[in-house]
Amino acid sequence: MAATATWSPQEDAAVIALSGPLDRNSVPALWQERAKWLAGEGDLTLHLADVEKVDSAGVALLIQAQKILKQQRRTLKLQHANRQLRAIVEVSGVADLLNFND
């Protein structure tokens with residue numbers, strides 16, 4: 001069985017909590033649901049405290065989400081990102097593409 005990432009809206013409609021792995025096994029299903037979790041108006045905050053592990057596919061998903069939101073004149077804010085995500089972003093040289101907000 002493939003690992004899955006789940007998302008759930010929080011009380012504030014502009015905050016989505018992601019949990020589980022954010023990796024090559026879970027990203028395709030999460031990406032298919034992007035219209036649901038990227039919906040709305042205004043900036044979107046992803047709460048990442050319960051994300052267990054991340055790989056380059058997870059980073060790519062976040063960058064693509066940021067791109068979509070930017071086209072809508074919205075911003076993606078990342079809260080409580082783990083050290084693994086931050087390290088991959090730094091090593092990959094894409095830190096300027098994402099907004100860590102914590």
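The following paragraphs lead through the fold of this protein, from its overall layout to individual residues. The model is a predicted one.

The secondary structure of the protein amounts to 4 helices and 5 strands. Along the sequence these elements follow the pattern β-β-α-α-β-α-β-α-β. The protein has 102 residues, of which 35% count as buried. Of the contacts between residues at least 6 apart in sequence, 64% join residues at least 24 apart.

The description of the strands may begin with S3. Strand S3 (residues 44-54) runs parallel to strand S2 (residues 15-22), and 6 bridges join the two. Within S3, Val54 has Leu22 standing opposite. S3 also pairs with S4, again in the parallel sense, over 4 bridges; here Leu46 stands opposite Leu78 in S4. Strand S3 is also the place of Thr45. With a relative accessible area of 12%, Thr45 falls under the 20% cut-off and is therefore buried. Leaving out residues up to four places away in sequence, Thr45 touches Ala14, Val15 and Ile16, as well as Lys77 and Gln79.

S3, helix H3 (residues 56-71) and S4 together make a right-handed β-α-β unit. Helix H3 comprises 16 residues and reaches 23 Å from its first C-alpha to its last, close to the 22 Å expected at 1.5 Å a residue. How are the buried residues of H3 arranged around the helix axis? The buried positions in H3 are Gly58, Val59, Leu61, Leu62, Ala65, Gln66 and Leu69. Viewed down the axis of H3, these buried residues fall within an arc of 155°, so they line one face of the helix. The face turned away from that buried side carries the exposed residues Ser56, Lys70 and Gln71. The elements covering the buried residues of H3 include the strands S2, S3 and S4 and the helices H1 (27-32), H2 (34-37) and H4.

Both ends of H3 have local features. At the N-terminal end, Asp55 caps the helix, with a side-chain oxygen 2.9 Å from the backbone nitrogen of Ala57. Just after H3, Arg73 takes a positive phi of about 60°.

Is Leu76 buried or exposed? Leu76 counts as buried because its relative accessibility is 1%, and buried means under 20%. Apart from neighbours within four places in sequence, Leu76 is in contact with Leu44, Leu46, Leu62, Ala65, Gln66, Leu69 and Asn99. Among these partners, Leu44 and Leu46 lie within the range of S3, residues 44-54. Leu62, Ala65, Gln66 and Leu69, also partners of Leu76, are among the buried residues of H3. For one of these pairs, Leu76 and Leu62, the C-alpha atoms are separated by 8.5 Å, although the two residues are 14 residues apart along the chain.

At the start of H4, a side-chain oxygen of Asn82 reaches to within 3.2 Å of the backbone nitrogen of Gln84. H4 is followed by Gly93, whose phi is positive, near 75°.

Note on methods. Residues are numbered from 1 along each chain as its sequence is written. This is a predicted model: local features need pLDDT of at least 70, side-chain atom pairs count only at pLDDT 80 or more; totals for chains, interfaces and linings use all residues. Side-chain values use heavy atoms; hydrogens and water are left out. A polar contact is a pair of N or O atoms within 3.5 Å; within protein, one must be able to donate a hydrogen and the other to accept it, and residues adjacent in sequence count only if both atoms are side-chain atoms. Buried means under 20% relative accessible area, exposed over 50%, partly exposed in between (1.4 Å probe, protein chains only). Contact means heavy atoms within 4.5 Å. Two strands pair if DSSP finds at least two bridges between them. A crossover is right-handed if, with the strands pointing away from the viewer, the path from the first strand over the helix to the second runs clockwise. The expected span of a helix is 1.5 Å times one less than its number of residues. The arc is that of the directions from the helix axis to the C-beta atoms.
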